[in-house]
Amino acid sequence: MLRPRSTARNLTILLAVGLAAVVSALPGQATESPPGADVNAVGTPFSGTAPDGTARGLLDAHSHIFANVSFGGGLICGKPFDPEGPHKALVDCPDHFPDGSAAWFENFTKTGSPTGTHDPVGYPTFKDWPAHNSLTHQQAYYKWIERAWRGGLRFMVNHLVANRQLCDIYPIKNQSCNEMDSIRLQAKLTTDLQNFIDAESGGPGKGWFRVVRSQGEARQVVEQGKLAVMLGIETSEPFGCRHILNVAQCSKADIDRGLDEVHALGVRTMFVCHKYDNALCGVRFDSGTAGLAVNAANFLGTGTFWDARTCTTAYTDNTLAAAGTVPDILKPVVPLPLYPPAPHCNTRGLTDLGEYMIKGMMAREMMVELDHMSVKAADRALDLLEEAAYPGVISSHSWTDEKYFPRIYKLGGMIAQYGHSAAQFVAEWQRGEGYRDQNGIDGYGFGIDVNGVGGLPAPRAGGVSYPFKSADGSVTLDRETMAQRTWDYTKDGMAHYGLMPDWVEDLRKLGGEEVVQDLLGGAEAYLRTWRAVEAYQPKVNLARGAATTASSYEWNPFWDFRAPRATDGDRGSRWASGWSDGQWLRVDLGTKKQVSRVAVHWEAAYASAWRVEVSDDLSSWRPVGRVDGGQGGLDVVSFPPVEARYVTIVGERRATNYGFSAYEYEVF
């Protein structure tokens, strides 16, 4: 039984409570934690722009926040958020209990063996996950994204990711394997996360996480010091465009409907192919054991293995592992083929449907992701973009041959490097510096690929001394703590997305302040490309319908191969020359006009070497560009703008025993 307190004691308690209330109300006696204290990133994040008006902030050009609902929903364990809290969001997959021994995909991707164990408990102990090399556990919980934002991240591309083959293979599912169903769901969940953060922050529009649809909107978000999130797509069979035994399972109408739908969802950048050959293009290979597994899945999904040849140029698609190195886990699946000597190149390039899709993306002001295309496909894609002088080309995570970098930068595109461990990242940043300097590129980005079934940066002893300042200097960061776990980058690496600022600090330690300043220019560099895409206007082909002459033409009683057939706008007609080197094709623009680019769509009888010459009077000629080692198809030559009335292409060397033959000759 409780006894009644004495009057004196009650009065004492009342006085103490009142005094506490008065003290708490005094100036400078705040009771709330400072901003960012819950993620150990204390301070007000930088807002505004640099003195020259450019956006300032780190760029992650490639991540997958909601991959947990992709691949059938049973592969990536845990969620980026749950209204009930982390105890509901950060839990392991049911099949990983009680000791992780049944998590064969986690074990295989982590150690190369399907056997292994781990502690399945996530929140609150986080004993074994998240970890930088654990590929099936959630690494992008929203509070971790918040720490990255407070540490300087201002622009993120959230790629909606799907892979039907992997979904079909993995036996545990709670979501559809239809790639478009997964993409729609991930787009919705991204908006749901924005709304959830808004509610935590005081209401609609007040949160730090903002989904954007235009570069102007993105700039406003960055100006406010918030995180701009653009939607992209990385999927293996866009709009059902798979192939079965080399027969396309989609049409141009499917592509148009699909592009219209995803553009309406807010998607502004997209891959044409990913991991597996599809009806649009061939892929750049995976090497090693991963390549063996992906090649086997390519067969299961398409009925064909990768078709590789020994590369004939300096460009390569990565080296395929020898059939004799097949691990035991894959031997029962299907016998893998033997390949010719390395280096290996995919024989599949960009198909007619793939070209149609790229042109459709340009028409909708979308950016083309070059990564994952075979060099044959990437080369053709760049030809199309160069023909149109279209700036919207992105390499977002180191999955294209770096020898394409000059062409990407020259178009006005953007390059970001995969989130490698610090030493490798700095080395690749340094190696690409010459490309950036040649094209006046100030910013640089990274593609963390979080939740993309790829490892995050590994630890480096001595890489970070805590506490440290954010890349922009506005926030102080200490070791990240959540519930019962504290992460230390020097021991744990980038165990989850929240340790991105720690990794950037390690980059500063290795590469100096210059690498950090380049990274802080990443948001502006991406926005600059996006702005150029939105402002793009197709250039006029000055040669179309212009008076056209040639050194010769091939006579045929059934077909007209005279020079004007190359400038009539009809890809079904063509000019064909006499059967000797030195033949030329010329357009008369009528008056002097500024020209800076020539494109030739060759027939099978193409020029392996040719040059461009211009003149005002047909007597004095100036060489302005040339091609050596031409491979046929579409050739584009760009050169500094010149004024000229006459523009001539001269075939110096034939690739065949026939003459030179062009479907279309264009001057811009």
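Author: Happy to! This is a predicted model. Let's begin with F299, which has 27% relative accessibility and therefore counts as partly exposed.

Reader: And F305, is that one buried or exposed?

Author: F305 is buried, because its relative accessible area is 18% and the cut-off for buried is under 20%.

Reader: How are the rings of F299 and F305 arranged as an aromatic pair?

Author: They are stacked, with 4.5 Å from centre to centre and 20 degrees between the planes.

Reader: Nice. How many aromatic pairs are there in total?

Author: The count comes to 27. Another one to look at is F81 with F196: the ring centres are 4.9 Å apart and the planes are at 40 degrees, so this pair is tilted.

Reader: Where in the chain do F81 and F196 come from?

Author: From distant parts, 115 residues apart. F81 is in the loop between β2 and α2, while F196 belongs to helix α6. Both F81 and F196 are buried.

Reader: Which cluster do those two rings belong to?

Author: Ring pairs link F81 and F196 into a cluster with F66, Y123, F126, Y141, Y142, W144 and W487.

Reader: What about charges, which ones sit over a ring?

Author: One of them is K403, whose charged end sits over the ring of Y315 at 5.5 Å from its centre. R586 is another to look at: it lies over the face of W584, 3.9 Å from the ring centre.

Reader: Okay, new topic: helices. How do α16 and α17 cross?

Author: Packed helices are described by the angle and the distance between their axes. For α16 (residues 500–511) and α17 (residues 513–520), the axes come within 6 Å and cross at roughly 135 degrees. That angle makes α16 oblique to α17.

Reader: Which residues make the contact?

Author: On the α16 side they are V504, L507, R508 and G511. On the α17 side, E513, E514, V515, V516 and L519 take part. Sorted by class, this contact has five nonpolar, one polar and three charged residues.

Reader: And which residues of α17 are buried?

Author: Those are V515, V516, D518, L519 and L520.

Reader: What do they pack against?

Author: Several elements: the strands β2 and β14, along with α13, α14, α16 and α18. If you'd like to find α18 in the viewer, look at 522–535.

Reader: Great, thanks!

Conventions
Residues are numbered from 1 along each chain as its sequence is written. This is a predicted model: local features need pLDDT of at least 70, side-chain atom pairs count only at pLDDT 80 or more; totals for chains, interfaces and linings use all residues. Side-chain values use heavy atoms; hydrogens and water are left out. Axes are lines fitted to C-alpha atoms, for helices over the stretch in contact, and angles run from 0 to 180 degrees between N-to-C directions. Helices (H or I, at least four residues) and strands (E, at least two) are DSSP runs, numbered from the N terminus. Angles under 35 degrees count as roughly parallel, over 145 as roughly antiparallel, 65 to 115 as roughly perpendicular and the rest as oblique. Contact means heavy atoms within 4.5 Å. Ala, Val, Leu, Ile, Met, Phe, Trp, Tyr, Cys and Pro count as nonpolar, Asp, Glu, Lys and Arg as charged, and the others, Gly among them, as polar. Buried means under 20% relative accessible area, exposed over 50%, partly exposed in between (1.4 Å probe, protein chains only). Rings of Phe, Tyr and Trp (its six-membered ring) pair if their centres lie within 6.5 Å; planes under 30 degrees apart count as stacked, over 60 as edge-to-face and the rest as tilted. A charge sits over a ring if NZ of Lys or CZ of Arg is within 6 Å of the ring centre and within 35 degrees of the ring normal.
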